[in-house]
Amino acid sequence: MKLSIFLLFLSILLAQWEPLSLPNNEQVHKIFSEEDTIFVGTSLARVYKSIDHGQNWIQIGNNIDDFSYGTDVLHK
């Protein structure tokens with residue numbers, strides 16, 4: 001158990017994390033990736049996708065009136 005925790009901690013320290021730009025500077029509520037595509041659901045119930053590792057974002061569809069439905073789209 002202690003070895004697993006140590007290895008997890010070590011992998012976090014050695015990871016090369018890069019911040020993503022936020023779509024329209026909105027607060028991201030959910031994030032999902034599929035191969036090289038990143039999908040996010042924002043606090044304004046919008047869904048965006050990025051095909052260039054988060055550098056540019058494209059809104060998918062129109063605004064979704066119900067916030068809970070908007071973020072659940074990512075699970076579908």
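Predicted model: local features only at pLDDT ≥ 70, side-chain atom pairs only at ≥ 80, totals over all residues.
Figure 1. Asn-25 has a phi near 55 degrees, which is a positive value in a residue other than glycine. Its relative accessible area is 71%; because exposed means over 50%, Asn-25 counts as exposed.

**Figure 2. Close-up of helix H1.** Helix H1 consists of 13 residues. From its first C-alpha to its last, H1 reaches 18 Å, close to the 18 Å expected at 1.5 Å a residue. The number of buried residues among the 13 of H1 is 0, so the helix lies largely in the open.

**Figure 3. The open sheet of 4 strands.** The strands follow the order S1-S2-S3-S4, and their pairing is antiparallel. S1 and S4 stand at the edges with a single partner strand each, so one side of each has no neighbour in the sheet. From one strand to the next, the twist averages 30 degrees.

**Figure 4. Close-up of the pairing between strands S2 and S3.** Strand S2 (residues 37–42) runs antiparallel to S3, and 4 bridges join the two. Phe-39 stands opposite Lys-49, a residue in S3.

Figure 5. The phi of His-53 is near 60 degrees, a positive value in a residue other than glycine.

Key
Residues numbered from 1 in each chain as written. Heavy atoms only, no water. Buried < 20%, exposed > 50% of the residue type's maximum accessible area, 1.4 Å probe, protein only. Expected span 1.5 Å × (residues − 1). Pairing = 2+ DSSP bridges. Axes fitted to C-alpha atoms, helices over the stretch in contact; angles between N-to-C directions.
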